[in-house]
Amino acid sequence: IPKILLKLGKDAAAAKDMDGAIAKLNEAIAKANEYGNAETAADAKEFITMVYITDGNSLLNEKKFPEAIAEYEKALAVDPESGMAHLRIGMCKAQLNDVAGAVASYEKAMTMGQEANAKKQLGNIYVKQMAADYKAKNSAGALDNAMKALEYGENPNAYKIGGMAAVGLKKYDQGIELLSKAKADASVNYNLAKAYEAKGNG
């Protein structure tokens, strides 16, 4: 019986009847537990988590971020160790400008099998903040966020803007180090020349 209910739940999900799928899968879990069938119960729980994440992904793609978060949180209620749910919550929170919430979600995702994806997203958060700081002429903030972004991986923009911010702050050695790793262009070359000249190497 639990396996039949599991199949009915999967069939309902395939037919896009998500509410029906969740109901059948919850029945499958209850019956599996009643019959001592741990494997079927685990399969049903995993599938419920996937259904909620799939719903959340659809809402995320429609830019309905609060609604998507609610679906991902349902997935976490079933499986608190779902790195994908934590990752997607982070993506939604980043879009809602809840930077602290996004960072917390990405950090959880990193410990739950989503390290590479979470690092990329964390780097993106800091690159975005770095660009806003640089545009607002906040060189110290831009440099700080560039260095944070680089903790999560290589980023050409972080090298360039971080380097230019460092030169603007008269941190010439740091500026040279960062700009040397940036893609060469007129701004990079100008700031490198400025840094070397200020150090007496021009």
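Which helix gives the most to the lining of the largest pocket? H7 does, with five residues.

This is a predicted model, in which local features need pLDDT of at least 70, side-chain atom pairs count only at pLDDT 80 or more, and totals for chains, interfaces and linings use all residues. Residues are numbered from 1 along each chain as its sequence is written, and side-chain values use heavy atoms, with hydrogens and water left out.

**Overall build**

The protein has eleven helices and zero strands. Helices (H or I, at least four residues) and strands (E, at least two) are DSSP runs, numbered from the N terminus. Whole-protein values follow.

| Property | Value |
|---|---|
| Radius of gyration of the protein (over C-alpha atoms) | 24 Å |
| Box filled by the C-alpha atoms, along the principal axes | roughly 80 × 30 × 25 Å |
| Accessible surface of the protein | about 11100 Å² |

A compact globule of 202 residues would have a radius of gyration near 17 Å; that rule is 2.2 Å times the number of residues to the power 0.38. Carbon and sulfur atoms hold 51% of the accessible surface, computed by the Shrake-Rupley method with a 1.4 Å probe. Of the 202 residues, 42% count as buried. Buried means under 20% relative accessible area, exposed over 50%, and partly exposed in between (1.4 Å probe, protein chains only). Take contacts (heavy atoms within 4.5 Å) between residues at least 6 apart in sequence: 43% of them join residues at least 24 apart.

**The largest pocket**

About 250 Å³ of space lies in this pocket. On a 1 Å grid over the protein atoms alone, a pocket is an open set of points where a 1.4 Å probe fits, with protein on both sides within 12 Å along at least five of seven lines. Its volume is the space filled by probe spheres set on the points. Lining residues have an atom within 4 Å of a point; among them are Leu60, Met91, Tyr106, Asn124 and Lys128. Helices H5 (83-95), H6 (99-110) and H7 (115-135) each supply at least two residues of the lining. The lining divides into six nonpolar, five polar and one charged residue. Here Ala, Val, Leu, Ile, Met, Phe, Trp, Tyr, Cys and Pro count as nonpolar, Asp, Glu, Lys and Arg as charged, and the others as polar.

**Gln174**

Gln174 lies in helix H10 (residues 172-179). Gln174 counts as partly exposed because its relative accessibility is 25%. Leaving out residues up to four places away in sequence, Gln174 touches Leu143, Met147 and Ala166. The C-alpha atoms of Gln174 and Ala195 are separated by 9.5 Å, and the two residues are 21 residues apart along the chain.
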